[in-house]
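This report looks at aromatic ring contacts and at charges placed over rings. The sequence and model come next.

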Amino acid sequence: MPKRTRFTPWRTLAAAATAALTATLLTPAAAEAAPRESLPVHSYEDAVREAVWVDTGLDEDRDGTTDRVAVDIVRPREPARQGRKVPVIMDASPYYSCCGRGNESQKKTYDENGDVVQMPLFYDNYFVPRGYAVVGVDLAGTNRSDGCVDVGGRSDVQSAKAVVDWLGGRGTAYTTRTGTERADAGWTNGRTGMIGKSWDGTIANGVAATGVEGLETIVPIAAISSWYDYYFSQGAPLYDSGPDWLSQYVESPDARARCAAVQDELVEGAPRTGDWTPLWSERDYVRAAKNVKASVFLVHGTQDLNVRMQHVGPWWDALAKNGVQRKIWLSQTGHVDPFDFRRADWVDTLHRWFDHELLGLDNGIDREPMADIERRPDQWVTSTTWPPRGTDTATLRPARGTEPGVGTLGLRGSRGTETFTDDPRLSETDWAARVDTPTPDKAGFVTGPLTRDLRLSGASRVTVTATPSTPTAHLSAVLVDLGPGTIRDYADDGEGITTVTDRTCWGESTAGDSSCYKETRAKTVDVGHTIVSRGWADLGHRDGAGAPLTPGERRTVTLDLAATDHVVPEGHRLALIVAGTDRGLIDPPADTPALTLDLARTSAQVPFVGGAAAFARATAGSHATPRNTDQETVPDGVRRPAPTDRRVPGEAP
């Protein structure tokens with residue numbers, strides 16, 4: 001694909017901007033050189049703090065007037081005095097009053113005039129002194145905003161898009177929630193970057209997918225790219241709730257009282273059947289990726305069981321197809337912000353990213369490796385592109401072994417069948433721990449010990465042909481690295497981190513807004529196996545809708561496994577497990593089916609660096625015979641995933 005040239009025009013502006021920037025970004029001794037870094041030369045204590053209400057143009061609460069969303073602003077005072085305009089870093093969130101942001105659950109606080117005193121997170125403390133404005137938007141229906149929460153739909157997205165338009169001189173804002181005095185955004189140059197974790201990052205994805213002018217970059221952290229995939233996986237339900245419950249969870253009390261119609265629409269549009277409806281089309285940003293003009297710096301945990309890695313692969317690939325400039329960090333954590341798993345490197349990288357994208361500084365970040373990947377706790381590697389060049393799909397095929405349900409995995413397939421019965425009491429960790437033992441609840445297929453390291457990078461697909469015994473059936477497919485290791489304990493309450501009492505400071509502080517945050521360290525666990533990737537589907541789901549199965553009738557389904565990047569070390573084995581309900585990760589079907597796999601029509605398409613040839617080399621000379629685990633002592637894996645009922649994007653499970 002031709003390299004996108006979006007940076008070139010902005011680089012040509014860097015020379016023109018240098019004269020204006022030099023006086024504030026550089027020391028006198030360095031004034032002759034072009035600026036490469038914004039410096040903290042502005043007073044945070046003296047920053048302008050103000051609130052405006054932006055008109056969204058919608059009337060979601062049906063009160064006869066268009067909804068206004070509250071926008072809290074912290075910006076440096078000095079540039080305005082000097083006639084200079086500044087770019088904006090924006091976090092649009094539903095959590096500013098109900099739940100808080102960050103590891104310490106910070107909420108907005110206000111002074112007697114209604115101006116923000118504490119803006120959650122470190123962004124304002126760090127970036128305002130460096131010449132940026134930081135803007136916190138209350139999504140419609142939350143905190144001080146009008147309107148209703150519609151969970152990723154037009155109201156949510158327009159809440160933030162309207163602010164981007166206002167910052168670019170195309171929208172209308174007021175100095176109060178109900179008044180008529182207009183508010184002007186003449187202090188900004190209209191260049192905006194959006195950032196946020198989970199729901200906040202999801203809104204950044206959604207706004208970028210509108211193609212709005214002036215949105216230069218987004219930094220979505222653990223974000224949703226398609227809301228259907230948050231609640232379902234190919235028809236298999238993931239949570240015992242729908243978007244109506246989530247909207248009520250974050251809405252302000254007055255919004256909750258006036259938004260019954262929106263609640264009804266969420267219930268009607270998101271049936272628990274798993275059928276694709278127009279509601280899900282509206283909330284599918286992947287389909288609109290062709291509109292994205294902003295660059296994307298994506299961050300996600302490969303073991304995030306809240307907003308799962310299924311949200312990364314399709315979005316990343318769609319952005320690539322449309323030539324979007326991209327960067328990615330993949331950690332071993334669960335649903336965790338990079339400020340809490342790689343703090344110093346994160347602040348430095350984010351600083352340079354915004355300097356490049358919003359200030360136009362030629363600091364070289366666009367020429368650095370595309371991907372940073374956590375290979376072991378706190379040990380990171382880079383990849384020039386992601387997935388790496390030379391990655392290709394190998395088709396792996398299961399074969400029967402000498403015992404029922406304990407088979408082999410290789411490039412050659414075989415005939416025959418394997419049968420298992422869905423047991424909703426068990427999970428992927430239970431299956432992996434007993435992969436070499438015949439059990440009635442799963443079918444496992446394992447390579448021999450690898451003779452060299454084997455790297456998986458990207459998304460896998462597992463095609464299963466199964467005959468059910470009942471009218472309903474769910475399937476799980478799991479790739480597992482069998483062998484000892486030390487990983488982040490993503491199933492722990494901290495999802496791979498432990499918070500300690502020591503604090504470090506990132507930017508300037510005021511009496512009401514400290515820049516100092518509790519430090520964290522990796523929470524690790526020794527394991528005998530590591531779940532590499534997973535996927536789920538309703539066997540009866542086809543073409544966006546489900547239908548009862550005919551017992552005894554064969555059905556084929558392809559399960560989309562989450563994207564990942566993992567190295568199976570030499571001496572370890574790679575396993576494919578096919579089973580029913582994955583406890584804690586999908587809900588069980590109405591029946592308890594027995595499923596018979598047709599091995600000749602079952603396969604896994606797995607992306608390896610080096611493709612099928614790399615897999616063949618890594619398995620050459622090995623024998624895929626089950627180990628006698630009675631004679632071995634290996635650590636267990638992480639604990640069973642927590643129950644999925646009523647999980648909230650943005651909070652720990």
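This predicted model holds 28 aromatic pairs. A pair of aromatic rings is described by the distance of the centres and the angle of the planes.

| Pair | Centre to centre | Angle between planes | Geometry |
|---|---|---|---|
| Phe297 and Trp329 | 6.1 Å | 80° | edge-to-face |
| Trp329 and Trp380 | 5.7 Å | 45° | tilted |

Take the pair of Phe297 and Trp329. Phe297 lies in strand β12 (residues 295-301) and Trp329 in strand β13 (residues 326-331). The pair links distant parts of the chain, 32 residues apart. Phe297 has a relative accessible area of 0%, so this residue is buried. Trp329 is buried too, at 1% relative accessibility.

Trp329 also pairs with Trp380. Trp380 sits in strand β15 (residues 379-383), while Trp329 belongs to strand β13, so the pair ties together parts that are 51 residues apart in sequence. Is Trp380 buried or exposed? Trp380 has a relative accessible area of 18%. Buried means under 20%, so Trp380 counts as buried.

Trp380 has a charged neighbour as well. Arg342 lies over the face of Trp380, at 4.1 Å from the ring centre. Another arginine, Arg144, places its charged end over the ring of Tyr110. The distance to the centre of that ring is 3.9 Å.

Elsewhere, ring pairs build a cluster. Which residues do the ring pairs link? The cluster consists of Tyr95, Trp199, Trp227, Tyr228, Tyr230, Tyr231, Phe232, Trp276 and Trp280.

Methods
Residues are numbered from 1 along each chain as its sequence is written. This is a predicted model: local features need pLDDT of at least 70, side-chain atom pairs count only at pLDDT 80 or more; totals for chains, interfaces and linings use all residues. Side-chain values use heavy atoms; hydrogens and water are left out. Rings of Phe, Tyr and Trp (its six-membered ring) pair if their centres lie within 6.5 Å; planes under 30 degrees apart count as stacked, over 60 as edge-to-face and the rest as tilted. Helices (H or I, at least four residues) and strands (E, at least two) are DSSP runs, numbered from the N terminus. Buried means under 20% relative accessible area, exposed over 50%, partly exposed in between (1.4 Å probe, protein chains only). A charge sits over a ring if NZ of Lys or CZ of Arg is within 6 Å of the ring centre and within 35 degrees of the ring normal.
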